[in-house]
Amino acid sequence: MSTTDMNTKANTTVLEIKNLSTEFVSKRGPFRAVDDVSLELHAGKTLCVVGESGSGKSVMSRSILQIVDPPGRVCGGEVLLHRHRTARGMGEEETIDLLKLNPKSSAIRNLRGRDIAMIFQEPMSSLSPVHRIGDQVGEAIRLHERVSKKEARERTLELLRKVEIPRPEKAIDQFPFEFSGGMRQRAMIAMALACNPTVLIADEPTTALDVTIQAEILDLIRSIQKESDMAVLFITHDMGVVAEIADEIAVMRFGKVVETGDVYEIFENPKHPYTQRLLNSVRELDRPSERRLAMREKRPVGEPCLVSDGVRKVFGASKSWFKKEVSGGLVAVNDAYLELRTGENLGIVGESGSGKTTLGRCLQRVHDVTSGHILYTNASGQELDLAPMSEGELAQPWRDIRTVFQDPFSSLNPRMTIGQIISEPLIVEGKLSGSQIRERVYELLELVGLPASAFMRYPHAFSGGQRQRVSIARAIAPNPRIIIADEATSALDVSLRTQILDLLLDLQERLDLSFILISHDIAVIRYFCDRIAVMYRGRIVETGDTEEVCTTPKHEYTQSLLSAVPVADPRVRGQKQRVRYHEAT
Amino acid sequence: MLFAYILRRMVWAVPLLFAVSLIAFALISAPPGDYITSFAATLSQSGDIVDQARLDALRERYGLDQPFIVQYFQWITGVVQGDFGISFEWQQPVGQLIWERMALSVTLALSTLVFTWAVALPIGIYSAVRKYSIGDYIFTTIGFIGLATPNFLFALVLMYVAVAYFGADVSGLFSQQYQDAPWSFAKLVDLAKHIWIPVVILGTSATASLVRVMRANLLDELHRPYVTTARAKGLSEWRLILKYPVRIAINPFVSTIGWAFPQLISGAVITAFVLSLPTAGPLMLQALLAQDMYLAGAFILLLCCLSVVGMLVSDILLAVIDPRIRFR
């Protein structure tokens, strides 16, 4: 038995959070973002803090090191670091209460990054864009240890090697924007590990990454933890990730911890109703919606209504002035063949940069198409090719094919009332009079489950889920036939995702719609879509019935994608064989 | 990478300068009439009889009867060889007239720029980091006053104060005895003694706006995730602010050099009149009024060149500061 295992068995508590409270002071009085939270971190163990957005989990993690941005303020409790129990301890009893230290004092600065290190969600914005990777990683070493520049560089190279960044000698002098998202997160981890911290706080470190990269980052964190006996505080909203890596779980809601326990205990026997609901909504997602299956029984899927025939889209190509040939540029969509049938839900799945959004925009003909045809069958059964059409000719197809976007915060104009937002496409259409439009908007609000009082209010008064309902109302306003939902649920909490998808199904039944759902989330597609198309680097590598593709994927890329998706069940952890896909070049 | 970028920018500056010279020449020939017309007007005002034949002869001698494009080419070939033509009004080569004045103007502009930066940068950073503190309010108030006060008014006030309370000699850039003396170290010291008044006057309004620019930029950057990352690393507050957000917030600040340069020169005309500075501004105004086209043309061309050079300098500085620009 190694020392690591012994320590793990001994269950050494290295960090204790007792009755931690953090307030945000505003003119309307203080708001408690973290309310009386008590947690314990053990050496070599991972504690996952789970909660939906706004549950205070992030603020809690920042309170530990007292780096909450103002007006946030830690207002009570203790955070005890038992230094004598760690590798750094000198043997004698040494317990530090981090909250007693002045947030600007050198005492707490010495602990930050050395004893307790953090990694953050956005690898893009969490690294300075104008400093070299080596500089940012090496800085952490030079801050806490007296080493020469040369030595720090050596150690940085070693760290980059440890987090498996290819060609570290070159990477050390590169800038973050030259890295992919996964590589940036690796650099962040290297920076956090610079001084062998006792505690690693990871605040949603994989949320912004693709699933295959997420799986690799989780592997990396786990292997480093095993090596160094680090205690990890892992913050996430993804139950799949929790099942994958947690030893213990704390569920947070409205700033309070509602339930803590062992990972198996919580997954199999959740006590708090909120935990039960959270788990239910996750489990519900990973299988086909029964409602959808019942709907298809009643009304089977019809003929193809939107067909992409060999669509190709090249960005930034330089067209020669004399010849008509196209050279260079980025091929975003490469000879895509796809058909959407009436009354069907088609899912397009792929990782970031796979061209799924571009394909969606080409299908709607918001983008010009480099070559290929987009065959749309309109309400009167006439087949039109949208690809060569001018803007004037597209006016009607654009009313028939509409989009719901990903980000409910930036896709609504904050200066317009909900009524104005929803009525805009109707005003552009110019068929209805003012009072008719008003009536129609009230009807639409009811259809998407919003109160009539929403009409006069502005987007900021609504939550993410409600805003997405507004987006949907705007999309269905001119009586469309096809809706392209581009990551429409990605920005929402899990419990809201099913609600929005159910709303879309509801509308499908009432209004006779066909959907294209673009997503990176297999679970969402499995719930909502009848058929699925898998995209990889601009190509559609596999299409087929959703269940068939999900259970017996044929293409190797689909296999690797599916094997990387974390399953929300701790019992199957480590049993699934991960397939890695490398394109033959 | 950086060298290639600088070279590319330099090469681009050449056609730009050519276009600018064309526009400069078009602008000075744009007003109706020419130097001869205004010369005739001056003559007839003083009661002289103007002989049409004589005017035509003059026009022919100066080449003013030629079409625009021919005039331009005669002018620009001269300019390329360093000959800016003859000033009608002064009957002297333009080159002799402008160089010293241009040099003084550029010195004044550069000193003002340095002064502006030295004052605006620290105040901007302080105001952003200590947002809504008493210091921030004080600087903001002073800044707005500086922004709202016309330069010439401020010049008058400062002159009065300097003369009445300190007995300083405030007009011009040199004392009497150095006025026409050749350049020497003592003359330089004398220049330094005089130049601070116009520098402060011209600098205040620019400082005020730059403080606002820096404050707004830095406020945007202060709560970015990379700042939190640096804090979690254990960096001390001031060091991390100077190293990370300031470095990024300074970008728009650097871009201001491009337009600050020509603005400082042309915007200084009124102040230069009030302080009777021997800089380019007053002479240029006079040349424009008299339609002394070669003299005015030389000034406008040099001002345009300064803008182009200013832009070049700010672009290169930006590329040095921000690798993202270099790599595109």
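Q: Let's start with β1(A) and β2(A): how many residues sit between them in the hairpin?
A: In this predicted model, two residues lie between β1(A) and β2(A), and the two strands together form a hairpin.

Q: And how many bridges join β1 to β2 in chain A, and in which sense do they run?
A: Strand β1 of chain A, residues 13–26, is joined to β2(A) by 10 bridges, and the two run antiparallel. As one example of how the residues line up, A:Leu15 stands opposite A:Leu41 in β2(A).

Q: What sheet do they belong to, and in what order do its strands come?
A: They are part of an open sheet of four strands in chain A, ordered β2-β1-β4-β5, and the pairing is antiparallel. The edges are formed by β2 (29–42) and β5 (95–97) of chain A, each of which pairs on one side only. On average, neighbouring strands of this sheet are turned by 5 degrees against each other, if direction is ignored.

Q: Which helix packs on that sheet?
A: That is helix α2 of chain A, residues 57–64, which touches β1, β2 and β4 (72–82) of chain A, and whose direction makes about 115 degrees with that of β1(A).

Q: Switching to the other sheet, the one with six strands: what's its order, and what's the pairing?
A: The order in chain A is β18-β19-β20-β15-β21-β22, in an open sheet with mixed pairing. Its edge strands are β18 (401–404) and β22 (539–545) of chain A, each pairing on one side only, and the twist from one strand to the next averages 20 degrees.

Q: How many bridges are there between β21 and β22 of chain A?
A: Six bridges pair strand β21 of chain A, residues 531–536, with β22(A), in the antiparallel sense. Within that pairing, A:Arg531 has A:Asp545 in β22(A) as its bridge partner.

Q: Which strands does α18 of chain A touch there?
A: Helix α18 of chain A, residues 494–511, packs on the sheet by touching β15 (345–349) and β20 (514–519) of chain A, and its direction makes about 160 degrees with that of β20(A).

Q: Okay, domains now. What does the assignment give for chain A?
A: According to the domain assignment, chain A has domain 1 (3–115 + 199–285), domain 2 (125–196) and domain 3 (290–407 + 480–566).

Q: How far apart are the C-alpha centres of domains 1 and 3 of chain A?
A: Those centres lie 39 Å apart, and the contact takes 15 residues from domain 1 of chain A and 17 residues from domain 3 of chain A.

Q: How much area do those two bury between them?
A: Domain 1 and domain 3 of chain A bury about 1500 Å² between them, with 59% of it on carbon and sulfur atoms. Of the area that domain 1 of chain A buries against domain 3 of chain A, 43% is supplied by A:Asp210, A:Val211 and A:Leu285, which is more than any other three residues supply.

Q: How many salt bridges does the rule find across that interface?
A: The rule finds zero salt bridges between domain 1 of chain A and domain 3 of chain A, although four residue pairs are in polar contact there, both at pLDDT 80 or more. On the side of domain 1 of chain A that touches domain 3 of chain A, the elements giving two or more residues are α8 (211–228), α9 (239–245) and α11 (273–285) of chain A.

Q: Staying with α8 of chain A, why are A:Asp219 and A:Arg222 about one helical turn apart?
A: They are separated by about one helical turn because they are three residues apart in helix α8 of chain A. A:Asp219 and A:Arg222 also form a salt bridge, in which the closest N and O atoms are 2.8 Å apart.

Q: Last topic, chain A against chain B: how many residues does the contact take from each?
A: It takes 29 residues from chain A and 23 residues from chain B, and the area buried between the chains is about 2400 Å², of which carbon and sulfur atoms give 62%.

Q: How many salt bridges are found across that one?
A: Four salt bridges are found across the interface of chain A and chain B, including one between A:Asp135 and B:Lys243, where the closest N and O atoms are 3.4 Å apart.

Q: Which element gives the largest share of chain A's side?
A: The largest share of the side of chain A that touches chain B comes from α4(A), with six residues.

Definitions and conventions
Residues numbered from 1 in each chain as written. Chains lettered and ligands numbered in written order. Predicted model: local features only at pLDDT ≥ 70, side-chain atom pairs only at ≥ 80, totals over all residues. Heavy atoms only, no water. Pairing = 2+ DSSP bridges. Axes fitted to C-alpha atoms, helices over the stretch in contact; angles between N-to-C directions. Contact = heavy atoms within 4.5 Å. Domains from an automatic or database assignment. Buried area = accessible area lost by both parts, 1.4 Å probe. Salt bridge = Lys/Arg side-chain N within 4 Å of Asp/Glu carboxyl O. Polar contact = N/O pair within 3.5 Å; in protein donor to acceptor, adjacent residues only side chain to side chain.
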